[in-house]
4 protein chains.
Amino acid sequence: MSSGARRSEEARRAILASALAITGELGYERASIEAIARRAGSGKQTIYRWWPTKAAVLQEAVEDANGASTAFPDTGEVVGDLRSQMHGVVAFFVDPELGPVFRGLIAAAQSDPEVADATLRSLFGPRRQVAINRLVAEQQRGRLDPQADAELLVDLLYGPLYYRLLVTRGVLDDHYVDQLVSAVVVPLTR
Amino acid sequence: MSSGARRSEEARRAILASALAITGELGYERASIEAIARRAGSGKQTIYRWWPTKAAVLQEAVEDANGASTAFPDTGEVVGDLRSQMHGVVAFFVDPELGPVFRGLIAAAQSDPEVADATLRSLFGPRRQVAINRLVAEQQRGRLDPQADAELLVDLLYGPLYYRLLVTRGVLDDHYVDQLVSAVVVPLTR
Amino acid sequence: MSSGARRSEEARRAILASALAITGELGYERASIEAIARRAGSGKQTIYRWWPTKAAVLQEAVEDANGASTAFPDTGEVVGDLRSQMHGVVAFFVDPELGPVFRGLIAAAQSDPEVADATLRSLFGPRRQVAINRLVAEQQRGRLDPQADAELLVDLLYGPLYYRLLVTRGVLDDHYVDQLVSAVVVPLTR
Amino acid sequence: MSSGARRSEEARRAILASALAITGELGYERASIEAIARRAGSGKQTIYRWWPTKAAVLQEAVEDANGASTAFPDTGEVVGDLRSQMHGVVAFFVDPELGPVFRGLIAAAQSDPEVADATLRSLFGPRRQVAINRLVAEQQRGRLDPQADAELLVDLLYGPLYYRLLVTRGVLDDHYVDQLVSAVVVPLTR
DNA sequence: TAGTAAACGAGACGGTACGTCTCGTCTTCTT
DNA sequence: AAGAAGACGAGACGTACCGTCTCGTTTACTA
C-alpha cells in the first residue's frame, strides 16, 4: 500500500546525539538547529521534517537516553523505594549532558506552551505520577497516614529538587534527597 | 569637572515600562531589545548603554515595580507571617505582567550564569533569606523545634511554589500556600 | 526474450505536457522539476533518468509540439517564401505556451553552455540554416545580388525578431516581418 | 531634520564590485546574493536594504562601471558616429566582466517583467533612443533618405548584435559592426 | 551667554540563525 | 527494470535580531 523511502534511523540517531552533545557543550540557547544539523552531518530539512522544534528534538533525545526511567522500584519498603527513584532523578539532573537539557527544556517551556505540555506529559509528569500512585497504594495498605495528601507530599519531595536545580543552584545529591524523604515521609509512616 | 547631558529618567522609565508590557504580551523570548526600544520610542543604544542584557532590563523593571517586597512582616506569630509573605510571592507569580517576567528570568538563567547570579542575588535570594532568618529567630525564641533545619524548611515551603510555577503549572493560590505551611511548619511549632 | 520494463511513453508524454503547461503558466524560472513531476504524476527520478536538465525537457517538448517546422516553403518566389517562414517563427514566438518556453530556453542558455549548444543545434540553428541555404541558392539562380553576404542578410532578418522578443518587447507580427523583408531583401532581388 | 547613520559608500562599492566579479566568474545564475555578500564582506541585509533583487544590484554595477556611455558622438559624420557608438556597445558585450552581466540581465528579464522594464529603461533603451534621434536629425538635415523608418533602421543595426550575443554566439567585433552599418545605413545616405 | 560634552533618536552595519524551498541523489516498495 | 513516492545532504532564499557604530539633535553643566 505505502511506498517511498523510509525514515533513516541513521540520520535520526546522529541528530539526537548531536543535539545532546551541543546542548551539553554550549547550553540550550546556543544550541541552534543549524549547528545540530552541521555536527550531525545532516540537512536542516531532515530535522524540520521530523521535529517541530529544537525542544522536541531534545525531548526525544532524553527519552532515548533514558528509556525505562519511569519505572518505580518496589521492594515493599516505600521509604527506600522513594529514595531510589529520587536518586535516579537527581542523577539525571546532575548529568553533564542531560542536566543542561532538562534545564533548557524547562526554560523553553516558559515561553512555549506546547513545549510545556509535551515535556510535562512525557518527561516530568510520569515520574511524578508513579510516585503519587505508590504513596496512595501505601496508604491503602495502611502503612502511610491516610490523612496525608499524596499530591502535596510529592510536591514537597520534588519541588525542592527543581527549586535547587533551577533557582538556587544549591547542592543536589543523594544526601539532600535523604533529608527530604526523612523530613516529609518518614513521620507519616507506620 | 563633569559636564554633558545626564541620564534621562524619562527614557529609563519608558524602556522599563515597554519591557514589562511586551514581555507580558509576547513572553520573554519574543520580547526583543529591538521591540522594546521601538515601543519605548528610544534608540537601541540607549538600552545597551545602561543595561548589559534584556534580563538586566527586566530585573530592574521588576525591582522598580516591586520595591519593598523583601520586607518580612513580623506580628510575632510566625505561621501567619510566613503565610503573609508567601501570599505576596504567589501574588507576583500570578500577576499577568510580572509572572511572565519571573518565569522568563528563570528561563534565561538556565543558559546564562550571570543572569542566574543577578536574579538570585536581587530577586529570589533575599526573599528566601528573610524567611530563613525568621525561622532561625523563632527557634532561638523557643517557638520552633530547634532540631529542624531552617534551610530545608524554606526549601520545603518555596520549592513547591516554583515547581508549580515552572513545571507542573498547577494551581498557585493562597489556599495551596496555607496547606504547605500547615504541613511543613505547624507540626514543628510549640 | 527481452527483460525489464521499457521506457514508459505515457510518463514521457505526461512530463512533456506538464512542463509546457507549467512554463506557460508560471514562466521558465518558476517551473521547477519538482512541480513538473508533481503535475505529471510522475516521480522526479523519472525525469532525471531521461533528461539531464529542465531545459532538455522543454526542448524536447517544443520539438514534439512542432516537428516539421524546419521545412522551408519553396514556391519559387523567394520573398514570399521568406515571409512565410518568418511568419511561422513569429507565430511560435507569440504562442502563449511556446513563447515563454523559447524565451526561457534562451535565458537558460546564457548561464549554461550546454543548453546554448543544444538549443542552437536543434531549435534556432536549423531555421537559420535553411534560410541561408535558400538565399545562396537564389543567388546561384541569379535572382539575388551575388555580392550580398547571405549570413549577414539572415542576421538582418532574424536579429530584429529576437531583439524585439528578448529586449525591447516591441510589436512582433506579420506586418513587421514584411517590413523587414522589404527593407533587407527586396532591394537585392532582380 | 534628518537623522541616523548614512548609507555606507564603502559597502556599496564593495557589493557592486563583488557582484560583477562573481557574475563574471560563475555566471549570472550561480551568482547568489549570499556569495556576493560573502565576497564583499557585507551582511546580506545590507544588500536587501538597498536593492530589491540581484538584477538591480548588477544593473547599478553596470551603470557605475559605464556612466556616460549613453553619449552619442557627433562629428557631423553620421556613418562614422554610428560605428563609434556601436563599437562601444560591442566592447561592453565582449567585456569579460560586463558581458555575462548583460546576458544575465536579459535572461532574468525573460522571467521577471520588472527586470525587463528596469533594464530596458536604464540600460538598453537609452542607447537605442539616441541612435534613433540621431538618424531622425540626419533625415531633417537632408543627409539621410527621409523615407526610411528610423526605428526599423535601428532594429536592423542592433538586432543582429543581440542576436549574436544571445542566440548564435557568432563573432562580435568592430568589423561585423562595420558590415552592418555599410549594409543598412550607407545606401540611404546622400 | 557661549561653549562643550554626553545622552539621545535614528538607523546602517557585519553577522548568525531562522524556517522554507528546490536541487540532484538515493532508497524503498509496487507494477 | 522502470516507475511513483519521498527521504536525504546541500545550500540559497528573504527576514528578524543581535550588539556595535556612526550620525545629527537636544540637554545641561562649565567657563
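Let's start at the DNA: a polar backbone atom of C:Glu34 sits 3.2 Å from a phosphate oxygen of DNA strand E. A pair like this is a polar contact, that is, two N or O atoms within 3.5 Å; within protein, one of them must be able to donate a hydrogen and the other to accept it, and residues adjacent in sequence count only if both atoms are side-chain atoms. Before going on, please keep in mind that this is a predicted model, in which local features need pLDDT of at least 70 and side-chain atom pairs count only at pLDDT 80 or more, while totals for chains, interfaces and linings use all residues. Residues are numbered from 1 along each chain as its sequence is written, chains are lettered from A and ligands numbered from 1 in the order in which they are written, and side-chain values use heavy atoms, with hydrogens and water left out.

In chain A, a backbone N or O atom of A:Ile33 lies 2.8 Å from a phosphate oxygen of DNA strand E. A base is reached as well: an N or O atom in the side chain of C:Lys44 is 2.8 Å from a base oxygen of DNA strand E. Which elements give two or more residues to the surface near DNA strand E? They are α2 (33–40) and α3 (44–50) of chain A, α3 (44–50) of chain B, α2 (33–40) and α3 (44–50) of chain C, and α3 (44–50) of chain D. Helices here are DSSP runs (H or I, at least four residues) numbered from the N terminus. The most comes from α3(D), with 4 residues.

In total, 42 residues surround DNA strand E, and the closest are A:Tyr48, B:Trp50, C:Gln45, D:Ser3 and D:Trp50. A residue is counted as near the strand if one of its heavy atoms lies within 4 Å of it. By type, the residues of this surface divide into 11 nonpolar, 21 polar and 10 charged.

Now for the protein chains themselves.

How many residues does each chain bring to the contact between chain B and chain A? Chain B gives 35 residues and chain A gives 34 residues, with contact meaning heavy atoms within 4.5 Å. Of the interface residues of chain B, 97% are also interface residues in chain A, so the copies meet through the same surface. There are 4 salt bridges between chain B and chain A, each a side-chain nitrogen of Lys or Arg within 4 Å of a carboxyl oxygen of Asp or Glu. B:Arg169 forms a salt bridge with A:Asp117, their closest N and O atoms being 3.1 Å apart. On the side of chain B that touches chain A, the largest share, 14 residues, comes from α8(B).

Elsewhere, chain A and chain C do not touch, their nearest C-alpha atoms being 10 Å apart.

Note on methods
Nonpolar A, V, L, I, M, F, W, Y, C, P; charged D, E, K, R; others polar.
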